[in-house]
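Welcome, and thanks for taking a look at this structure with us.

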Amino acid sequence: MADGGKRSPGAVHVPSTLAGLGALAFAIGVLVYLTDRDPGRAALIPAVGVLSGTALFGAVGAWLPSFTHAFAFSLFTAAVGHPNASVPAYGACAMWWALNSAFELAQLPQISHAIVDALKSAPVPAWLIAPLSNSLMHGTFDVADLVAVAGGALAAAAALHSLQRKDCEHE
Amino acid sequence: MSKERFQPSPLRPLAHVAVVALGVIAIVGSGPDISILGPPVYDPPSDPTLSVRVLPERQTVQAGTIVDFYAVVNQAVQPLAYQWRRNGVDITGATGPTYTLGGAQLGDDGALFEVAVKDSLGVSGIAGTTLLVSPWPAVVLQDGDFPVSNWTVSATAQPTQDGPTHAETQATDGGNPGPYRSVTFQLTPGPCSLRLVHLAVAATYDPAAQGAIHAMEFSEECSRRSFSSAATFTDLNQAPVFEQAGRTYQPRNWQGYPCQSGGSIAWTATSIGTVTEDEFVFSGPPCGASERCPDFSASAAPLRFGFVTTLGLAAGSPAGLVVQGIDNWRVTVWKK
C-alpha cells in the first residue's frame with residue numbers, strides 16, 4: 001500500500017507499520033540504557049533513578065542496543081523511502097549494517113587512534129570532532145555487537161519482505 | 001505496493017537525510033558521556049596557534065630496537081617544514097613528519113628527541129619525547145587466566161567491625177576473552193570503605209638477583225560487572241601496584257577509576273608506559289630520610305606486583321554490592 005492510497009480491508013499501511021516497528025525497537029534499545037547501563041553514562045540518555053540498575057535485560061542487554069539500532073533505522077529509512085518500489089528497501093538494511101559495523105570496527109584501538117589523529121588535522125568543526133573522537137576512543141570493540149548489528153539488519157530485511165508480501169496480497 | 005498511486009514528495013530526500021542524521025546521532029549519543037569519564041580524549045583547541053606533539057609519548061626499548069617517532073601537528077597551514085633534533089642538535093636529513101632511529105643504542109638512553117615544525121605562515125612549534133634504552137630484554141609478568149591460587153589479597157576495611165566484606169573468584173568466561181578475576185564488594189551502609197590489594201604470587205622481581213630497574217610499564221583491563229545504583233560511591237580507585245618493603249606503590253599518573261559498566265564498553269583497557277622511580281605514590285609507613293621510596297637500585301628489596309581496588313560509600317548511602325572484573329593484567333620491567 002502506497003502513501004495516500006485507499007486501502008482494502010485488512011491491508012497494512014507499510015510506511016506506518018515500518019515506523020511503528022522501528023519506534024518500538026528503538027524504545028527497547030533506549031530502555032536497555034536506562035535499566036542495564038551506568039546511570040547517565042550515555043551522552044544523550046539521561047539517568048532515570050527508578051529504572052537504573054534494574055538489569056532488566058541481563059546478558060542480552062550487552063548487545064541488544066546494537067541489534068535494535070540497526071533494525072530500527074533500517075525500517076525508518078525504508079519508511080521514508082520510495083513507496084512504490086517493486087522490491088522492499090533492502091538497501092536501507094545494508095546501509096545501516098555497514099554504518100553500524102564501521103562504527104564498531106572504528107573502536108578498535110589501532111583504528112580509532114588513526115581516525116582521531118586524522119580528524120584533528122582535518123577541516124572539521126570542533127563541536128563535531130569532540131563527541132565523535134570521544135565516542136571512538138572510549139568505546140570498546142565487541143564482536144558480539146558486530147553479530148548483533150548483522151542480526152538487526154537481517155531482521156529488518158525479513159520484516160520488509162513480510163510486509164511487502166502482505167501489502168501485495170491486498171493490492 | 002502500487003506504482004500508480006505514488007505521489008512524489010519534495011520532502012522525501014530531506015526525510016532521508018534526517019533519518020540518517022538521527023541514526024548517526026543515536027550511535028554517537030549512545031557512546032560514553034565524557035563528563036563522567038573525566039578529561040576528554042579530544043580537547044577542542046582554544047588557541048589557533050600551531051600545536052605539535054611527538055608519538056609515542058614515552059617509551060623504553062631494548063638496545064638495537066628500531067624506533068619510529070611521529071609528529072602530530074594541529075592548527076597548521078600546509079605545507080609544513082620539519083626538523084628533528086636529538087638533545088637539541090639537528091639530525092641531518094631528518095626533515096619529514098616521521099623519524100626512524102635505526103637501532104637504539106645505550107648512548108640514546110635518556111635522550112630527548114624533538115621535532116620543530118614551521119607552517120607556511122611561518123608559525124612554528126616544538127615538541128619532544130624522552131627515550132629510555134635498556135641493554136636487556138623486558139621482564140614481563142602477567143596473568144590472563146587468574147586461578148584463585150595465583151593471587152593473595154589483603155583488605156583494609158572501615159569500619160573494622162561489621163564492615164564491608166569481599167570475595168574473589170576465577171570467572172571462567174566473560175573476560176576479554178576467556179577467564180577473568182571477579183572481585184565482589186559487599187559494602188555496608190555508608191560511610192564505609194574497602195581497599196583490596198591483590199598481589200600475584202609469582203609476579204616478583206628481585207633487584208638484588210635480577211638487576212636494578214630502569215622503568216616499568218603497566219596495563220590491565222577492568223570492568224564493573226554489576227553494581228547497586230542506589231548507592232553513592234566514593235574513593236573509587238583501581239590501579240596496578242607493587243609492594244616493596246611494606247609499602248604499596250601505584251603510578252602517580254594512572255587514571256583513577258577506569259572500570260566501566262555494561263555492554264560493548266564493559267572492558268576498558270588502560271595502560272601506562274615508562275614509569276620511572278620518581279613517578280609513584282605510595283601508602284604505608286612514611287619514607288625515612290635515608291630511604292628511597294620506591295627503590296629501583298640493585299640493592300633494593302624485592303618487589304611483588306598486583307593491583308589495588310578501593311571502593312567506599314558516602315555517609316547516608318544505603319548498602320551496596322559491586323562486582324568488578326580484572327583481565328589481561330600485565331607488568332613490564334625494564335632493567336638498567
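In this predicted model, three strands of chain B form an open sheet in the order E1-E3-E6, with antiparallel pairing. Strands of a sheet pair through backbone hydrogen bonds. The points below begin with this sheet, then turn to the nonpolar cores and to confidence.

**The sheet in chain B**
- Strand E1 (51-55) and strand E6 (98-101) of chain B are the edge strands, each pairing on one side only.
- On average, neighbouring strands of this sheet are turned by 15 degrees against each other, with direction ignored.
- Four bridges link strand E3 (residues 67-74) of chain B to E6(B) in the antiparallel sense.
- Opposite Val67(B), you will find Leu101(B) in E6(B).

**Nonpolar cores**
- The largest nonpolar core has 46 residues, and the members that touch the most others are Met216(B), Phe218(B), Phe242(B), Phe305(B) and Trp329(B).
- Strand E13 (residues 192-205) of chain B gives this core its largest share, eight residues.
- Leaving aside residues up to four places away in sequence, the contacts of Phe218(B) include Pro240(B), Phe242(B), Trp254(B), Phe305(B) and Arg330(B).
- Another core, of 23 residues, lies apart from the largest one; among its members are Val52(B), Ile91(B), Ala94(B) and Val133(B).

**Confidence in chain A**
- Chain A has a mean pLDDT of 77, and 72% of its residues reach 70 or more.
- Confidence in chain A is highest in helix H2 (residues 64-79), at a mean of 92, and lowest in helix H5 (residues 126-138), at 72.
- Residues 1-8 of chain A have pLDDT below 50, and this stretch has 26 contacts in the model beyond near neighbours in sequence.

Note on methods
Residues are numbered from 1 along each chain as its sequence is written. Chains are lettered from A and ligands numbered from 1 in the order in which they are written. This is a predicted model: local features need pLDDT of at least 70, side-chain atom pairs count only at pLDDT 80 or more; totals for chains, interfaces and linings use all residues. Side-chain values use heavy atoms; hydrogens and water are left out. pLDDT is the predictor's confidence in each residue, from 0 to 100. Helices (H or I, at least four residues) and strands (E, at least two) are DSSP runs, numbered from the N terminus. Contact means heavy atoms within 4.5 Å. Two strands pair if DSSP finds at least two bridges between them. Axes are lines fitted to C-alpha atoms, for helices over the stretch in contact, and angles run from 0 to 180 degrees between N-to-C directions. A nonpolar core is a set of buried Ala, Val, Leu, Ile, Met, Phe, Trp, Tyr and Cys residues joined through side-chain atoms within 4.5 Å. Buried means under 20% relative accessible area, exposed over 50%, partly exposed in between (1.4 Å probe, protein chains only).
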